[in-house]
Amino acid sequence: MRSPFRPKIELSGFWRFKLDPRGEGEREGWHRGFESCDVVYVPSSWNEQNPLWDGYDGVAWYSTSFYVRKELEGKLAWLVFKGAGYHARVWLNGELLGEHEGSFTQFKLDATRAVRFGDFNLLVVRIDNRVALDRLPPGLSFNRTAFDFLQYGGIHRPVYLEFTERSYVDSLVVETDHEGALKAEARVANGAGLRARFRLLDGRGAELLSEEVGCDGGVARVDRRVSGVKPWSPEEPNLYTLRVELLGERGLLDMVEERVGFRSFKVEKGRVYLNEKPVYLKGFGRHEDFPVTGKHVPGAALVRDFYLMKKLGANSFRTSHYPYSDEHLDLADEMGFLVILESTVCLSGFTGLFSDQAKAREWFKDPRILEKAKAVLREMIEQHRNRPSVVMYSVANEPPTDWEEAAEFVRQLAEYVRSLDPTRPVTFASHRHSRDRALGFVDVISLNVYFGWYSEWGSIEEGVRRMLEELKRVHEMHPDKPVLLAEFGADAVAGVHWDPPVMWSEEYQAELLKSYIEGVRGLEWVVGVHVWNFADFRTPQSPGRAVLNRKGVFTRDRQPKLAAHLVRDLFSRLPS
Ligand code: ADA
């Protein structure tokens, strides 16, 4: 939900910055302002902005100042962070506004009490980026994590102030289908006696619907079937604007908008259907990772990513392994991609973090962890549920769900997601395959498979044989569930060539991807293939990582490896 109507102060730019390795800033009163010669750019991770900060796994402070015009006095002031982490604590003019845990979902703080109208204001943010076992995703330290991507720190996404009247639209939920059904519900703060006008506009601004309803009880709803709308699909991502205008005696009090697409996505008898037609999910696991800016992928780089995915014939990706930014998913809506929106419960190397496996099992029974996992799911669904591109939720990546405790944990998350949004299928990415005890709890089975890379070294043929064996075993256990090959791939250092194909060469990566994609073609219960990964990305340091995870079909600066050309050809010969 966005509002072109509300006065806004964007806070992107150069901020003051100070590391706090001993965690003494708060005791020293840095929240009232601090001296520092260091500068950092917002939005971006701090890590690659200064080599001294690259591996910094600790606390750091940000500050900036801004002017608020006097004529805004009397309005409510909201401070919005689109993503900062791992943990942010925020002060305005020395007053604590609040805090937030988790780097990848937006949060909004009421700044009305603390803001100085007609004056300059000092905003100070404390970011704690330490890795810990009770954080999601968990780890022991910067290079000992359960997840294979860098724990970037900082204010990765935009920050801004916006101002509303005391009556405003607080949230908007929209549900559609491909035949023009439109259900919209707006929650209105202090809405007694007010009216809300719902307007649906097409791409040229022509009005297809205009309906005025009351806001008593703080809720305004419409439930109509709009004729003449064109469905949303990857081939034709038709978008409309749903505008909600809040009306009082003095006229327009607030206005919010949401871009909507009319589409249906469902799972039936082991298939997935988009707008009642079977669809094949062709694409990638991705990351939000870019040189220098880290977790913040600049708009121009996102545009290049999407054109490259289109060029390769992709129609889908998973937001591995955390919710992506609004800009990222805006392009998915705009350019037509079927997105699996994944939470931050990434547990790839989880069991290896514990010498005592009993303690690892106990982790899944800790109510604080379950609460944190639910909070991420709640926030990501609230932020992205109106998007036509989001067709499925993934509650976790590679949990050790051969363990009963982990399977029960995943079951609770799947149940919780359905209670929040029953309109979308649920999955999680499994690397336990036929040993997995949680596959029955989800609607689509997603499998991460690396035979021929982490085992059967150097033998793609043997790897593909084992892959097919395992997939068929899973299918026999769950014949009614569609299977997505959610991850498969091989590292290749760009420029390393070898004939015959050997591991780490571009040829081996290309050959493995080709063999996997062709190996599953014709298995009608396999509903898609997501290559791991779209581009090379930063990871914790280890002997198995050559600075980056090199499984990208593109380099980190988005130049193609041999595999990219091959994937384009393979995708062109797959069903759409
Ligand atoms: C796992 C994990 C990915 C990445 C991949 C790899 O499947 O889900 O994040 O680590 O393996 O490259 O090994």
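Select asparagine 190: at 40% relative accessibility it counts as partly exposed (buried is under 20% relative accessible area, exposed over 50%, partly exposed in between; 1.4 Å probe, protein chains only). Its phi is near 50°, a positive value in a residue other than glycine. Asparagine 190 sits in the loop between β14 (181–189) and β15 (195–201). Helices (H or I, at least four residues) and strands (E, at least two) are DSSP runs, numbered from the N terminus.

The model is predicted: local features need pLDDT of at least 70, side-chain atom pairs count only at pLDDT 80 or more, and totals for chains, interfaces and linings use all residues. Residues are numbered from 1 along each chain as its sequence is written, and side-chain values use heavy atoms, with hydrogens and water left out.

Next, asparagine 93. Its phi is also positive, about 50°. At 17% relative accessibility, asparagine 93 counts as buried. Look for it in the loop between β6 and β7 (95–101).

Now pick strand β2 (residues 13–19). It runs antiparallel to β3 (residues 38–42), with 5 bridges. Strands pair if DSSP finds at least two bridges between them. Arginine 16 has valine 39 as its bridge partner in β3. β2 also pairs with β4 (residues 59–68), antiparallel, over 4 bridges. Here phenylalanine 17 stands opposite tyrosine 62.

Move to tyrosine 86. A cis peptide bond joins glycine 85 to it, with omega about 25°. Tyrosine 86 lies in the loop between β5 (76–81) and β6 (87–92).

Last stop: proline 500, in the loop between β29 (483–487) and α7 (506–520). The bond from aspartate 499 is cis, omega near 10°.
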